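Dear colleague,

Please find below the structure that I am handing over to you. I would be grateful if you could read the notes after it with the model open beside you.

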Amino acid sequence: MMIIIGLTGGIGSGKTAVSDYFAGLGIDVIDADVIAHKLTQKGSDALKKLQHTFGDWVIDQEGNYDRKAMRAYVFDNPDALQKLNAIMHPAIKDAINQALAMATSSYVILSVPLLFETRHNQPSLLSLCDYLLVIDVPTSLQQTRASQRDGNSPAQIQSIIDKQISRADRLALATTLGADIIQNTGTLDELFAKLAPLHQKYQQLARSNATQ
């Protein structure tokens, strides 16, 4: 059985760059966000369930899922967020399991932005992971990168950061769980130089796992 590396980090930490690096080495990358987008495509069963649960407003004039409206709706509404998660989380985990069954690389990167935040949920994606890779950056750099990428205001970015596990708690949990922690405060070349030995490490772990 292949090993699964759970990749996580706060908004603007650089998870996509990390995923792209491993993908470029031929490693299968399964991204929970990408799966969630596919599951809620126009006409999908998941989108119909969301429409039935929350109302027609979850679909825009083109028939697509209005993620921005949903984010705003559940932001300060724990009950609505729980209903949303009850619909999406099992479907996402099922799709992840299907993707894992089709993976062929020596190990797999499972990218989940809220891997730690949802660790108490059932089903938990954290339970799928054999090892963990946490990408860490200072909050100020999160704000800068996320604002440049998404075009949101610093206040909007900070509100998202505040909803995620704090940097200190993320690092503490990562240390407790024995995760690899990468500081991504430099250039892409500097990031890739830090990831290269991890690729070798994960390949060795995969080889060891295959002989057990």
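Predicted model: local features only at pLDDT ≥ 70, side-chain atom pairs only at ≥ 80, totals over all residues.

Residues are numbered from 1 along each chain as its sequence is written, and side-chain values use heavy atoms, with hydrogens and water left out.

**The nonpolar cores**

A nonpolar core here is a set of buried Ala, Val, Leu, Ile, Met, Phe, Trp, Tyr and Cys residues joined through side-chain atoms within 4.5 Å. Buried means under 20% relative accessible area, exposed over 50%, and partly exposed in between (1.4 Å probe, protein chains only). In the largest core, which has 37 residues, Leu50, Phe54, Leu84, Met88, Ile96, Leu110 and Phe116 touch the most other members. Two or more residues each are given to this core by helices H2 (32-39), H3 (45-54), H4, H5 and H8 (167-176) and by strands E3 (107-111) and E4. Helices (H or I, at least four residues) and strands (E, at least two) are DSSP runs, numbered from the N terminus. H5 supplies the largest share of this core, eight residues. A second, separate core of 17 residues includes Val18, Leu191, Leu195 and Tyr202. In soluble globular proteins, nonpolar side chains tend to be buried together.

**Helices H4 and H5**

The axes of H4 (residues 67-74) and H5 (residues 78-102) come within 8 Å and cross at roughly 130°. Axes are lines fitted to C-alpha atoms, for helices over the stretch in contact, and angles run from 0 to 180 degrees between N-to-C directions. The two helices are therefore oblique to each other; angles under 35 degrees count as roughly parallel, over 145 as roughly antiparallel, 65 to 115 as roughly perpendicular and the rest as oblique. Met70, Tyr73 and Val74 of H4 meet Ala80, Leu81 and Leu84 of H5, where contact means heavy atoms within 4.5 Å. These residues divide into six nonpolar, no polar and no charged. For that count, Ala, Val, Leu, Ile, Met, Phe, Trp, Tyr, Cys and Pro are nonpolar, Asp, Glu, Lys and Arg are charged, and the others, Gly among them, are polar. Leaving aside residues up to four places away in sequence, Leu84 touches Leu50, Phe54, Tyr65, Met70 and Val74.

**Individual residues**

Phe22 belongs to helix H1 (residues 15-24) and is buried, with a relative accessible area of 0%. Beyond its neighbours within four places in sequence, Phe22 is in contact with residues including Tyr107, Leu133, Leu195 and Tyr202. Its C-alpha atom is separated by 9.9 Å from that of Leu198, 176 residues apart along the chain. Ser19, also found in H1, is buried at 5%.

Asp136 is found in strand E4 (residues 131-136) and is buried, with a relative accessible area of 2%. Its side chain makes a polar contact with the side chain of Arg167 (2.8 Å). A polar contact is a pair of N or O atoms within 3.5 Å; within protein, one must be able to donate a hydrogen and the other to accept it, and residues adjacent in sequence count only if both atoms are side-chain atoms.

Ile59 lies in the loop between H3 and H4 and counts as partly exposed, at 22% relative accessibility.

With kind regards
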